[in-house]
Amino acid sequence: MIEKAADDGNLDLLRDLIDADPPPPDVLLRAMATARAWFGRDPATELRERLGAPDATVETGVLTFEDYLPTVRWVRVVAPDGRRVEVRLAHRAIVTFLERAIGLRVPPDELLERALWSGDPESQDWSQADLTIRRRVPIEESAQWAIGRLGDPEPLVRRFAAGLLHLMSFDIEGEEYVGALRDRLGVESDGATLSSVIGAYSGFLDDRVLPELIPFARDPRVDVRCRVAGELMTDSDGQPAEMLAAQFDLTRDEDPTVRRVALAALIHGPVDVPVIRELLAVHLAGDDRQLRIEAAFGLARRGDGPALAELRRLAQEDGDESSTWHSYWGVLNILGQR
């Protein structure tokens, strides 16, 4: 079953099988060889040969799972007589996963090559390579490797490196990482990569004030502004006036996602000044129900009694399994009323 899952490119099934009944190393090695045999193959050609139908039609797609879980591409061939066979294209992710399970140490450049194969940062190939490099010991070795890739000519390589450093920021610290990311902020041209660099930079600085992000609040690219909206306001109170002004500008952004992220940062942040309460009061009285819920939460956690009552009413409408109800109970916990 494990080898079959490896041949099918089904990482999720393979992982479940191994977790349920851990096999001996020789089984994992055979599964790894089975998955690796797909490297360099053309999936459609391989599947047509397996069906014995060179004229079979080819279908492709992307399989998605729950929010934030990695995706995987698939290929299916269908013979004229209706016979069909398909495969998920996660063979590189499977090899990476099995290498980690066995304890094999693979050069990060090789793992990077696998991550980039599909060109999709949301893919299982990407996530497994990322996870494996981050788990290398010592982790500082991997961080240094990532810093060395921040200036790579290929945007996806830089994005991979910045994303890696962002996740590493939870486990390590150091001015050298901050400095390298700060330098990259000033020269990065790719929007998606710049968003990752901003996230990594903010992660290493944790709750420090970040006025250097203010210029990016006016970036023409939506993904950059959205990232700034989520990172500009930190967990530190006493934000400089220019930072608060930039965040307010983002709550009026032309893009609705940017507006929501900016507002959420103000709602959940520690800053409590009259202009924030006024902004939340406007949304509490507005027509957008989700923004009303968020505004009620933001005001209630700041001790506004009527807002707390409104949040309770909205939570009762949505039911005790809803996110609104959890927000309501979260506010009660913050206020010490549970």
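This is a predicted model: local features need pLDDT of at least 70, side-chain atom pairs count only at pLDDT 80 or more; totals for chains, interfaces and linings use all residues.
Arg76 lies in strand β2, which covers residues 72-78. Is Arg76 buried or exposed? Its relative accessibility is 17%, and because the limit for buried is under 20%, Arg76 counts as buried.

One, of 2.6 Å, joins the side chain of Arg76 to that of Glu59. The other, of 2.8 Å, joins the side chains of Arg76 and Glu86. Leaving aside residues up to four places away in sequence, Arg76 touches Thr57, Val58 and Glu59, and also Arg84, Val85 and Glu86.

Arg277 belongs to helix α15, residues 274-284. With a relative accessibility of 28%, Arg277 counts as partly exposed. Beyond residues up to four places away in sequence, Arg277 touches Asp272, Leu299 and Arg302. For the pair Arg277 and Leu299, the separation is 22 residues in sequence, while their C-alpha atoms are 6.6 Å apart in space.

Finally, the nonpolar cores. Which residues touch the most other members of the largest nonpolar core? They are Phe160 and Leu165, in a core of 47 residues. Phe160 has contacts with Leu112, Ala115, Trp126, Ala129, Asp130, Ile133 and Trp145, again not counting residues up to four places away in sequence. Another core, of 27 residues, lies apart from the largest one; its members include Leu244, Ala307, Leu314 and Leu332.

Note on methods:
Residues are numbered from 1 along each chain as its sequence is written. Side-chain values use heavy atoms; hydrogens and water are left out. A nonpolar core is a set of buried Ala, Val, Leu, Ile, Met, Phe, Trp, Tyr and Cys residues joined through side-chain atoms within 4.5 Å. Buried means under 20% relative accessible area, exposed over 50%, partly exposed in between (1.4 Å probe, protein chains only). Contact means heavy atoms within 4.5 Å. Helices (H or I, at least four residues) and strands (E, at least two) are DSSP runs, numbered from the N terminus. A polar contact is a pair of N or O atoms within 3.5 Å; within protein, one must be able to donate a hydrogen and the other to accept it, and residues adjacent in sequence count only if both atoms are side-chain atoms.
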